[in-house]
Each structure stands twice: as structure tokens, then as C-alpha cells.
Amino acid sequence: MRILGIDPGLITTGYGVVDIQSGNVKILEAGTIEPNTKDPFELRLSKVHLHITTILKVHHPDIVVLEKLYAHYKHPATAAVLGHVRGVICLSVAQQKIKLVEQSVKRIRKALIGNGNATKIQCQEFVKRLLNIKSPSFKLDASDALSLALGQAHMMRYQLI
């Protein structure tokens with residue numbers, strides 16, 4: 001099973017592709033999409049769309065896991081902006097006819113670490129150990145995306161979803 005996890009954001013979108021076979025987990029690609037913040041809004045969205053579409057065409061995942069939208073009531077504009085980013089990601093996935101699921105951060109953290117309130121750093125350290133990532137410059141957005149992919153795989157394996 002090949003899974004692509006995506007942590008959406010207009011400034012930084014994290015992504016991570018893992019391949020899981022016979023209980024072995026292999027990272028195929030992980031990184032971030034960082035549109036130029038000085039570009040117009042529509043060009044930034046276009047960059048996310050094109051990059052995600054390329055990843056889908058290169059890796060042909062069986063499933064894409066997208067982080068569920070969470071917005072704080074004090075920052076309603078953030079939800080609108082994230083909605084646009086999520087929309088272009090959903091469009092890319094639909095165009096490639098790949099199954100899309102959404103998972104909350106808390107559910108993924110609970111599946112991976114056993115604590116839905118684990119910190120981003122705790123999740124990053126777990127992902128780095130599990131996937132044997134040595135890079136000190138491994139970004140949180142990429143590790144969040146890999147967490148989504150790994151958490152989905154864990155829940156599917158133990159039929160927790």
C-alpha cells in the first residue's frame with residue numbers, strides 16, 4: 001500500500017509518501033511546498049496544485065490522507081485561506097482518481113503515539129525514529145504529513161477506521 005499524507009498550508013504545505021509492504025515501511029519522498037509569499041494568491045494556489053499533481057503522477061498512491069480543517073474561532077480568515085489550499089489539493093486528487101480521506105491531527109497522534117495531545121516535536125521524533133531519518137533540517141510540515149500517512153496505515157491495519 002502506498003500512502004500520501006498532506007499537511008495543507010498556504011505558506012508551507014507538507015507532504016510525505018510512504019510504501020508499506022509486509023509490515024515494512026519505506027519513505028519514498030517527503031518535503032514541503034513553499035510558494036513565494038510575494039506572489040499573488042492565485043499563483044500560490046497554482047503552485048500547490050501543480051506540485052501535488054506531480055507527486056500523484058510520480059508515486060501513484062493508493063490513498064491520500066489530508067489533514068482535517070481546524071480553525072480557531074479568533075482567526076476565521078485562516079479557515080477560508082486553508083479552504084482554498086485544501087480545495088486545490090482535493091482537485092488534484094480527484095483529477096487523478098485517487099481515494100481521499102481526511103483525518104484529524106488528534107486522531108493521528110493518538111494512533112501513532114497513543115496520545116492525541118502529543119506535540120509536533122514528539123510526533124516528529126517518532127517519525128524520524130520509525131523511518132530512520134537523520135536529517136537535522138527535517139521540517140515539521142513534512143513530518144506532520146508523514147504522520148498522517150503512517151497513522152492512516154496503522155488505523156487501516158488494525159481496522160480502527
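Biologist: What makes the side chains of Glu34 and Lys139 a salt bridge?

Modeller: In this predicted model, the N to O distance between the side chains of Glu34 and Lys139 is 2.6 Å. The rule asks for a side-chain nitrogen of Lys or Arg within 4 Å of a carboxyl oxygen of Asp or Glu. The pair therefore meets the rule and is called a salt bridge.

Biologist: How do you know that this pair links distant parts of the chain?

Modeller: Glu34 sits in the loop between strand S3 (24-33) and helix H1 (41-59), while Lys139 sits in the loop between H4 and H5. The two residues are 105 residues apart.

Biologist: Are Glu34 and Lys139 buried, partly exposed or exposed, and how do you know?

Modeller: Buried means under 20% relative accessible area and exposed means over 50%, with partly exposed in between. Glu34 has a value of 34% and Lys139 one of 39%, so each is called partly exposed.

Biologist: What is the distance between Arg86 and Glu102, and why does the pair count as a salt bridge?

Modeller: The side chains of Arg86 and Glu102 are 2.2 Å apart, N to O. This is within 4 Å, so the pair is a salt bridge. Arg86 belongs to helix H2 and Glu102 to strand S5 (residues 99-103), so the bridge ties together parts 16 residues apart in sequence.

Biologist: Why do Arg86 and Glu102 fall into the accessibility classes they do?

Modeller: Arg86 has a relative accessibility of 10%, which is under 20%, so Arg86 counts as buried.

Biologist: What of Glu125 and Lys128?

Modeller: Their closest N and O atoms are 4.0 Å apart, and the pair forms a salt bridge. Both residues lie in helix H4, three residues apart, about one turn of the helix. Glu125 is partly exposed at 34%, whereas Lys128 is buried at 17%. By this rule, the count of salt bridges comes to five.

Biologist: What makes a group of residues a nonpolar core, and how many residues has the largest one?

Modeller: Such a core consists of buried residues of nonpolar kinds joined through side-chain atoms within 4.5 Å. The largest has 19 residues, and Ile3, Val127 and Leu146 have the most contacts inside it. Strand S4 (63-67), H3, H4 and H5 each give two or more residues to this core, and H5 gives the most, with seven.

Biologist: Which residues does Ile3 contact beyond its sequence neighbours?

Modeller: Leaving aside neighbours within four places in sequence, the contacts of Ile3 include Val18, Pro61, Val65 and Ala149.

Biologist: How is the lining of the largest pocket divided by residue class?

Modeller: It has twelve nonpolar, two polar and one charged residue. The pocket has a volume of about 340 Å³, and of its 15 lining residues, those closest to the centre are Ile20, Val25, Ala153, His154 and Arg157. H5 gives the most to this lining, with five residues.

Biologist: How is the second largest pocket lined?

Modeller: This pocket, of about 290 Å³, is lined by 13 residues, and Glu67, Lys68, Leu69, Tyr70 and Val105 lie nearest its centre. Glu67 and Lys68 count as charged because Glu and Lys are placed in that class. Its lining has six nonpolar, two polar and five charged residues.

Methods
Residues numbered from 1 in each chain as written. Predicted model: local features only at pLDDT ≥ 70, side-chain atom pairs only at ≥ 80, totals over all residues. Heavy atoms only, no water. 1 Å grid on protein atoms, 1.4 Å probe; cavity = no way out; pocket = protein on both sides within 12 Å on 5 of 7 lines; lining within 4 Å. Points joined across faces, edges and corners; volume = space filled by probe spheres on them. Helix = DSSP H or I, 4+ residues; strand = E, 2+ residues; numbered from the N terminus. Buried < 20%, exposed > 50% of the residue type's maximum accessible area, 1.4 Å probe, protein only. Contact = heavy atoms within 4.5 Å.
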